[in-house]
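Please look over the model below.

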Amino acid sequence: MSPVPRPIPRRRGGPARRAGSRLLVAAVLTAFVAFFVLPVLWLVLASTKTDQQLVHGSPLSFGSWHALRANWDALTAFQDNAILLWLRNSALYAGVSLVITLCVAVPAGYALAMTEFRGRRFLLVSTLIVMLMPNATLVVPLFLEINAVHLIGTMWSIILPYAFYPFGVYLTYIYFTTAVPRDLLAAARMDGCTEFAVFRHVALPLATPVIALVGFFSFVANWTNYFLPYVMLPESDQMPVQVGVGTLLSSVPSFNPTVGSLAIQRPQLALATLLAITPVLVVFLFSQRFLVAGMLAGATKE
């Protein structure tokens, strides 16, 4: 006699639990929109208004294309196209530093992951400690070092510290330790490849996701750095755009009533802020596929 199948017990509170989950998701999305999307939307719309419209009009209303053009003309007229020069400086500093970072961090992470040598553990711990230190704590020591070699006021006073990126070393170390099969590297060595050939032709092509990840984080950190260029670069024509936006802020009458004929209005400051953050957004949009792959690459071990 076949046994009578027992009925599957129903979960209590199923509909209520699903409704609570949907409510939680809706609350999280609402908070995300309120704290992240609305400020960016306000910033975009602020650049299309006059100063009076920005103060007395609706916060999320569109101004006019004419006002946007007038704000652009006034912004580029400040110190004879200084905003474009600052953007070029930021691209130069961040780009050259990025190349040096990738040329140093990726081989260093590979060496730490694949070789055993005296002092390896000390190097790993030192890299982790420096990675966790706030950037502001390193500005004064870096200033003393750069000043000792007489590079203050040059682009190398920014590029060389930017290129020192311990987070990239540690990230590539974790990737090569967890995501690259050691048997594949050993097979390449057995076929007669030198260690450099193994790195160049086997490990490096497999490391494309983590290289993109290191490159993105390095570029963002370099582009958004404010304190180091502010200390190292005394001249306005050497400033990156982040320091330049600070200069514009001090030229707004609402924040500094002592400004004279070189006054900048708040919509023009909003437009300058948009120009400062646009390169980071563009890089993120074009590299997000590699960023996701790099973040998930070390999630499983071989």
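## A buried serine

S157 has 0% relative accessibility, so S157 counts as buried; the cut-off for buried is under 20%. This is a predicted model. S157 sits in helix 7, which spans residues 156–163. A polar atom of the S157 side chain lies 2.6 Å from the backbone oxygen of T154. Leaving aside residues up to four places away in sequence, S157 touches I146, L151, I152, M232 and L233.

## The overall chain

The protein chain has 14 helices and zero strands. Of its 302 residues, 34% are buried. Among contacts with a separation of 6 or more, 70% join residues 24 or more positions apart. The accessible surface of the chain comes to about 18,400 Å². Carbon and sulfur atoms account for 69% of that surface.

## A nonpolar surface patch

Which residues form a nonpolar patch on the surface? They are F32, V33, F35, F36, V37, L38, L41, W42 and L60. Together they have about 850 Å² of accessible area. One of these residues, L38, is placed in helix 1, residues 14–46. L38 counts as partly exposed because its relative accessibility is 34%, which falls between the cut-offs of 20% and 50%.

## Salt bridges

Side chains of opposite charge can pair when their charged atoms come close. How many salt bridges does the structure hold? The structure holds four. The table gives details for pairs among them.

| Pair | N to O distance |
|---|---|
| R69 and D73 | 3.5 Å |
| E116 and R120 | 3.7 Å |
| R189 and E195 | 2.9 Å |

Take R69 and D73. Both belong to helix 3, residues 65–77. They are four residues apart, so about one helical turn separates them. R69 is exposed, with a relative accessible area of 51%. D73 is partly exposed, at 35%.

R120, at 15% relative accessibility, counts as buried.

Last, R189 and E195. R189 is partly exposed, with a relative accessible area of 33%. E195 also counts as partly exposed, at 35% relative accessibility.

Definitions and conventions:
Residues numbered from 1 in each chain as written. Predicted model: local features only at pLDDT ≥ 70, side-chain atom pairs only at ≥ 80, totals over all residues. Heavy atoms only, no water. Helix = DSSP H or I, 4+ residues; strand = E, 2+ residues; numbered from the N terminus. Buried < 20%, exposed > 50% of the residue type's maximum accessible area, 1.4 Å probe, protein only. Polar contact = N/O pair within 3.5 Å; in protein donor to acceptor, adjacent residues only side chain to side chain. Contact = heavy atoms within 4.5 Å. Patch = residues over 30% accessible without salt bridge, like charges linked within 9 Å, V, L, I, M, F, W, Y side chains within 5 Å. Areas by Shrake-Rupley, 256 points an atom, 1.4 Å probe, with all protein chains shown as cover. Salt bridge = Lys/Arg side-chain N within 4 Å of Asp/Glu carboxyl O.
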